[in-house]
Amino acid sequence: MLQIKFVLLWSDLLFFVLIAAVVVGGVWAGRVEHLRLAWRQVGQSRVGMATATVLLAFVLVALLDSLHYRERLPGEQENYAVEVRSALDAALTGLRTRTEKTYSAPLATHLFAKESLDADLGRDFPRLKHGGAHLGEDLTAQGGDIAAKAIKGLGLGLLGAMAFGLVSLPLRRAAPHLAWNAQLATVLVLCLLGGVIVALAGDYHVLGTDKVGQDVLYLTLKSIRTAILIGTLTTLIMLPAAVVLGLLAGYAGGWIDDVIQYLYTTLNSIPGVLLIAASVLMMQVVIDTHPEWFATTAERADARFLALCAILGITSWTGLCRLLRGEVLKLRELEYVQAARALGVSSARILWRHVLPNVMHIVMIAIVMDFSGLVLAEAVLSYVGIGVDPNTISFGTMINTARMELAREPMVWWSLVAAFAFMFVLVLAANLFADVMRDAFDPRVVKQ
Amino acid sequence: MSLLSVRDLSVAIGAAAPVDGVSFEIGAGETFALLGESGCGKSLTALALMRLLPEAARIAAGSVQFAGEELCALTEAQMRSVRGGKIAMIFQEPGASLNPVMTIGAQIAEALKFHGGSAPEAKIVELLAAVGIPDPARRATEYPFQMSGGMKQRAMTAMALAGEPELLIADEPTTALDVTIQAQVLDLLDGLRRERRMAMLLISHDLGVVAQMADRIGVMYAGQLVEVAPRAAFYAAPGHPYTRRLFAALPDAESADRAASRQRRLLTIPGSVPPLGTQHAGCRFVERCGEALPVCRTTLPPWREYAAGQQVRCHLETAHTLLAESADFTARAKVGAGETALLEARDLKVHFPLRRGVLQRVVGHVRAVDGVTLALQAGRTVALVGESGCGKTTVGKAILGLQKPTDGTVKLHGKLLQGLAPAAMQMVFQDPFGSLNPRLRVGEIIAEGLRALAVAGDTRMRVVELLEQVGLAGDMVGRYPHEFSGGQRQRIAIARALAVRPQLLICDEPTSALDVSVQAQILNLLTDLQAQLNLSYLFITHNITVVDYLAQEVAVMYLGRIVEYGTVDEVLRSARHPYTQALLAAAPRIEAGLDGSREYVRAAGDPPSPARPPAGCHFHPRCPRAEARCREAYPEPVALSATHTARCFLAV
Ligand SMILES: Nc1ncnc2c1ncn2[C@@H]1O[C@H](COP(=O)(O)OP(=O)(O)OP(=O)(O)O)[C@@H](O)[C@H]1O
Ligand code: SF4
Ligand code: SF4
Ligand SMILES: [Mg+2]
């Protein structure tokens, strides 16, 4: 009999839908010649392949973290735990449960602050419960132990990368002109890093622990889902509005254009942060006054998270809409559109067949470009307290809590650095990937 | 000794050689013209002389001696002082070569300073005056966007003159300009060359322009020079088979027997220019040459003296027989006047509102079309000619219903039209690259009209049939537009229009973006289709020789109104309106190559803006015969014969 119950949060559902859409879109793009050519160009770019690999790794983590379930409680009756966990939590059970009392530095064996231990011993750094516990009393072996584990991890990583290379061999054979070497190199780096971390994480806190003794590595890994979802779901929410309104405004002209323009200029002239703050606070009130809507805290946090995506979407569709309107204004006068009108083709069909395919590159480039902006926006908003639910682990909430620690003497730097490093890698990869996409998809970029 | 001597110049882009072993010389004060179709390497040759080649290209071999100095051996720094100093260049797009945020005066001052001179105000004004810019002191303080295209090209020329160059390279300097403006700029360049004893390298694809300007001519084909000759000899008897075909592809405007020459098919050059990167063993023209010998395939032809000073690169020994006479059209539609009109446009007006300010108040109107009356009979062709912006395209769109007329009526078969009438009328556009959706396959493009009108029958069969009708292979349905050349794309556009079996085709400059040899193919096709399908054409163009060849009637437009209307012979051979006369005189004529004659009936100045047309006769500021009353009122049409009218006080 099943010991768990699957939970499908709304954000999970949307995320799965999005991934399915991307897969379907990919298959479709393979059949349309100009898209296939553009994607091939992305694949031939070393930067494109490397960043795509990094992004995929992040998405994989996010995906694992989106398979939610509740565990069955022991006992006769069918009761389930109130905590909603994810597949990632299950994989990281060790990290999640090995909490310390409070701060400890990366790879440390003792707490970060002195405490009064015994009356006679005075104040000293207490030993960690888990970090380096296997060493026993003999702390001189710590350096050697770490080095040995790291080397073992490197070996493990190398094996993993080689296994990956073997498994992906047919793929490389099938499309020999793509920049697979860049991909392999990236996988190798990821595997080596991962191997070392896995080898060490069993016995140490690789990135230290935070105020309540939670493992920082665990927190950063959990933050990835929030970042990826903010970046993609927001786009999903705003895309239909931006595309439909942009095409309408540009093609129909007249009063329709006036109304749409009025709408986005008005929205644009309200300071974004104020609008978001107001909406988030309102959402908060609504959520707080209706506790009966949510079975678990996870669901409540999820609702607030989606609300944030929606609000970010509402404030960010205007840019793409304006861009599309301008492009459609130009396309509308193009001769093939005129020719179609002269043939009596209906407006809806002209938009669908002649206009939309010729602005698709703008949409795609905008999606990827917006992604990194949204990831950063989440961090900033959560930092000022109007972002995700404080219970949701995200880069923003990590930074928010780390902010106090910076003032401590000596400084607690690792939470901030860990959050910053992961976010930096994610945003950098997304930005570089966006550049490659732009080169491949923008017809105005001169191809060599 | 010659001023510029180019020897075996080759330019490489990767493994391809877009310029391959080009040699020529230019003497001081001489104009040498490089003539050739698009993509033959003319511009790259010029850029290589200036050492301004694009990133991907490099000079692979050869030498460029300028006044005894080897340019290929100079350092980049030394080369900079040659550029603009001893050699200056002007380009096709005057707008793109001027800095939009600097005044004209400041840009000229910069050029002057760069060449060591101080830049006193007087010098700038003098230069602007030298290129014929009226009111130069005021113009010097203006920005490029405040000037017309012709004005910008003059300003560019002034900048080029700042360094007192000994050689001026002009790369298609007038291609982007209207004929009357082109005539002005060509006059200017020729005058400057004479005055300053400057040498000029003129790059052009236009046999007429070259005839007017050049002393000697070099013809390029696929990266090589194939003929070099003095002007008179060249125009009297072109030597190379390619050159002779180029001449034959042009409609012959001066033939004594008009009727017979209209009845004749234009000669076309089969095939197309070999793509860049093709490996050639022998003559590059061999695939398209009617006279090819076996040796042509294997051995590069040597240079031969064809006539005194006329060098031809061909294996043929002597001046050989003329090209096979081109065939007559089997059944060029018998055009009879007096049938009932297929289309009647009466007093058509299209005014675009001009909006200003936050509230988008209407502050005026662009009178793009201001009272045009036209009639078209089945199976006949009416040509609509006029300069850029005079409203030709807008007339076409208004007739079609693509543009809602502000006023006036359009009747088809005597029935009043409201909005679009898709099946009866179609349009073929100017730009073969903008007129096909790059995201659709050819089959889908052509089938679009069939689907929209829900035409019964097998769509696939009909598409193949249409493709074959316009001279393309039926198996091309699955390809995308970018796989086709300009001429082929224009055929596809014609097939798309024919799909719905229209009675009237509005052709908006369908050949102006095409090379001469391809233009001939399209004109032949249009004539064939007219005969087969009894089509009527409203043919919008600025090319007078094409009008002469194709049309039965001509309407001349100026600033939104038809100023002269009549049969081809009436309008082109006994034009009565001064504007028509100026237009005809400005059109570059090949015959000028024979006798060096130049016409001097020029319309001065630029066409005014249709937003603020001059009072009275719109043409009076430019009209050489304007009188006092011309400034007062717009002349009513004067009937000169049953078919010929002109709107000019002096036409009677
Ligand atoms: N949609 C529009 N809105 C405002 N003005 C327009 C519009 N379309 C055309 N015009 C103006 O109307 C005038 C006539 O334009 P039109 O395109 O008919 O000229 P044309 O004779 O076809 O010129 P060309 O030879 O360059 O094709 C021009 O001054 C142009 O700027
Ligand atoms: S060399 Fe031969 S193929 Fe080339 S132009 Fe002369 S005759 Fe024709
Ligand atoms: S009416 Fe006067 S200004 Fe107009 S074209 Fe005739 S002569 Fe010239
Ligand atoms: Mg036009």
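1. The largest nonpolar core takes in 100 residues, and Ile217(B), Phe234(B), Ile446(B) and Ile494(B) have the most contacts inside it. A core here is a set of buried Ala, Val, Leu, Ile, Met, Phe, Trp, Tyr and Cys residues joined through side-chain atoms within 4.5 Å, with buried meaning under 20% relative accessible area (1.4 Å probe, protein chains only). Helix H18 of chain B, residues 516-533, gives the most to this core, with eight residues. Helices are DSSP runs of H or I of at least four residues, and strands are E runs of at least two.

2. A quick caveat: this is a predicted model, with local features needing pLDDT of at least 70 and side-chain atom pairs pLDDT 80 or more, while totals for chains, interfaces and linings use all residues. Residues are numbered from 1 along each chain as its sequence is written, chains are lettered from A in the order in which they are written, and side-chain values use heavy atoms, without hydrogens and water.

3. Ile446(B) is worth a click: leaving out residues up to four places away in sequence, it touches Val463(B), Leu466(B) and Ile492(B), among others. Contact means heavy atoms within 4.5 Å.

4. A second, separate core has 72 residues, including Phe58(A), Leu135(A), Leu200(A) and Leu229(A). Buried residues make up 46% of the 448 residues in chain A.

5. Chain A has 16 helices and five strands. Three strands form an open antiparallel sheet, ordered S1-S2-S3, with S1 (4-7) and S3 (85-86) of chain A at the edges. Strands count as paired if DSSP finds at least two bridges between them; S1(A) and S2(A) have four. Phe6(A) stands opposite Tyr69(A) in S2(A).

Notes:
Buried < 20%, exposed > 50% of the residue type's maximum accessible area, 1.4 Å probe, protein only.
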